[in-house]
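Have the sequence and the 3D view at hand.

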Amino acid sequence: MTKRLDLRVDFAFKSLFGTHGNESILAAFLNAALRFPDEKKIQTVQLLDPHFNKENQEDKRSILDVHAQLEDGSRVNIEIQLNNKHDMEKRTLYYWSKMYSSQMKEGMDYGELCKTITINIVNFRYLSHMHDYHSTFQLYEREQKLLLTDMLEIHFMELPKLLIKWRNKEVDPRADQLVRWLLLLEASEDEEITQVLEEIAMQEDQVLKKAMDEWERVSQDPEVLLAYEARRKALLDEKSALKRAETLGEKKGKEETLKKVALGMIEKGLNDAVIIELTGFTSEEIEKLRRQ
């Protein structure tokens, strides 16, 4: 069997869910993610340009992963994040605001603005205080829990939490369509998941079958593979850089703590030999601290 693209890589995700001709796949995912009742199910979805007009030459962040418009005019952006850059809440609000404000045209009334939804699929634990893998945020009054408006809706879907539930048999892709679509993103690394999804696709879900067939096809496309490998390498380099930055930050934090300990020892009149033994500092470093 051909090694399939890792759909957690944003380029691969866009190749399947954000490509013209695959709108039925995107619509099925959105129906599962947004939990619309049967009478409001999305029938058609329009893919929009993922680029916004840059306000200045330095504005390089206004590129969305999958940008779409629903039948009622609602705008949806799906972002997939492989690495935790520790900026998700600000990043998602930035993208949401860009999508919402980009609807406004000259002479248009504010009342014509449509609901704007951001869906963040993350390959790391983000909301540590939340047990569920799918969390939805809106604008509420703090005390009365009164919804101000439904114009803003932000979703977080945490793949690691879903995998734990899958392994513990707490979720069932046969019964929950969102579970099956999110597990599809993990299937390239898990043969058991792939087998279960293939059975569901053959027995009951024609759109999932189309998605898996298309996934197989793009995974064999030489041009797609070339771009995919370049993007995957960039994400791996980014992950390494983030890890180095975290390690450096931890090291600096430990050094600052040791300096405070050493200064406390100096204030208490301990001699250099004791301070060297307990902190690992050199006599020159201790002398420098004494002069502070």
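Which residues is Gln81 in contact with, leaving aside its neighbours within four places in sequence? Taking contact as heavy atoms within 4.5 Å, the partners of Gln81 are Met88, Arg91, Ile121, Val122, Asn123 and Phe124. Before going further, please note that this is a predicted model, in which local features need pLDDT of at least 70 and side-chain atom pairs count only at pLDDT 80 or more, while totals for chains, interfaces and linings use all residues. Residues are numbered from 1 along each chain as its sequence is written, and side-chain values use heavy atoms, with hydrogens and water left out.

Gln81 belongs to strand 3 (residues 75-81); helices (H or I, at least four residues) and strands (E, at least two) are DSSP runs, numbered from the N terminus. Gln81 counts as buried because its relative accessibility is 7%, where buried means under 20% relative accessible area, exposed over 50% and partly exposed in between (1.4 Å probe, protein chains only).

Six strands make up an open sheet with mixed pairing, in the order 1-2-3-4-6-5; two strands pair if DSSP finds at least two bridges between them. Strand 1 (46-47) and strand 5 are at the edges with a single partner strand each, so one side of each has no neighbour in the sheet. Helix 3 (88-102) lies across strand 2 (66-69), strand 3, strand 4 (116-122) and strand 6, and runs at about 150° to strand 4. Here axes are lines fitted to C-alpha atoms, for helices over the stretch in contact, and angles run from 0 to 180 degrees between N-to-C directions.

Strand 5 (residues 134-140) and strand 6 (residues 147-158) run antiparallel and are joined by six bridges. Tyr140 has Leu147 as its bridge partner in strand 6, and Leu139 stands opposite Thr149. Between the strands of this hairpin are six residues, and Lys145 takes a positive phi near 55°.

Finally, visit the loop between strand 1 and strand 2, where you will find Leu48. Not counting residues up to four places away in sequence, Leu48 touches His67, Ala68, Gln69 and Arg75. Leu48 and Arg75 are 27 residues apart along the chain, and their C-alpha atoms are separated by 9.1 Å.
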